[in-house]
Amino acid sequence: MTVTIWHNPACSNSRGALKLIRDAGFDPRVIDYLGAPPDVATLRQVLAESGLSARELVRSKEAQFTELGLDAADEATLLAAMAEHPRLINRPVVRTPKGTRLCRPPETVLEIL
């Protein structure tokens with residue numbers, strides 16, 4: 001089974017999810033989404049797969065969220081902002097054939113392994 005994680009090594013939730021994936025015996029494809037951010041189409045696909053809204057995927061506590069004035073932004077604006085400023089993407093996002101989840105808390109990953 002292919003397991004992909006959008007990973008930020010500075011994030012404890014991301015490190016925790018990655019550890020759980022590896023402890024379960026998987027060698028995941030680790031994507032440095034900060035260095036290679038997903039485009040809007042990929043973000044839309046993740047939202048469709050996970051059942052999340054852009055508002056649920058965006059990190060509203062990130063300084064850039066306030067700086068960019070995203071409080072009242074619509075879905076398209078949030079997606080464009082996340083594609084341009086990947087720090088705004090909540091993490092970790094894990095994708096497997098069993099589903100896609102925002103793994104906060106990290107144990108959420110167990111639902112799709």
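Val40, Leu43, Arg44 and Leu47 of helix H2 meet Glu75, Ala76, Leu79, Ala80, Met82 and Ala83 of H5, where contact means heavy atoms within 4.5 Å. By class, this contact has eight nonpolar, no polar and two charged residues; Ala, Val, Leu, Ile, Met, Phe, Trp, Tyr, Cys and Pro count as nonpolar, Asp, Glu, Lys and Arg as charged, and the others, Gly among them, as polar. The model is predicted: local features need pLDDT of at least 70, side-chain atom pairs count only at pLDDT 80 or more, and totals for chains, interfaces and linings use all residues. Residues are numbered from 1 along each chain as its sequence is written, and side-chain values use heavy atoms, with hydrogens and water left out. Helices (H or I, at least four residues) and strands (E, at least two) are DSSP runs, numbered from the N terminus.

**Helix pair H2 and H5**

- The axes of H2 (residues 40-50) and H5 come within 9 Å and cross at roughly 120°; axes are lines fitted to C-alpha atoms, for helices over the stretch in contact, and angles run from 0 to 180 degrees between N-to-C directions.
- H2 and H5 are therefore oblique to each other (under 35 degrees is roughly parallel, over 145 roughly antiparallel, 65 to 115 roughly perpendicular, and the rest oblique).

**Sheet**

- Four strands form an open sheet in the order S2-S1-S3-S4, with mixed pairing; two strands pair if DSSP finds at least two bridges between them.
- S2 and S4 (99-102) are the edge strands, each pairing on one side only.
- From one strand to the next, the twist averages 15°.
- S1 (residues 4-6) and S3 (residues 93-96) run antiparallel and are joined by three bridges.
- Ile5 stands opposite Val94 in S3.
- H1 packs on the sheet, touching S1, S2 and S3, and its direction makes about 170° with that of S1.
- H2 also packs on the sheet, touching S1, S3 and S4, and its direction makes about 70° with that of S3.

**Loop aspartates**

- Asp27 lies in the loop between H1 (12-23) and S2 (29-31).
- Asp27 counts as exposed because its relative accessibility is 72% (exposed is over 50% relative accessible area, buried under 20%, partly exposed in between; 1.4 Å probe, protein chains only).
- Asp27 and Met1 are 26 residues apart along the chain, and their C-alpha atoms are separated by 9.4 Å.
- Asp71 sits in the loop between H4 (63-67) and H5 (75-84), and is exposed at a relative accessible area of 65%.
- Leaving aside neighbours within four places in sequence, Asp71 is in contact with Arg55 and Phe65.
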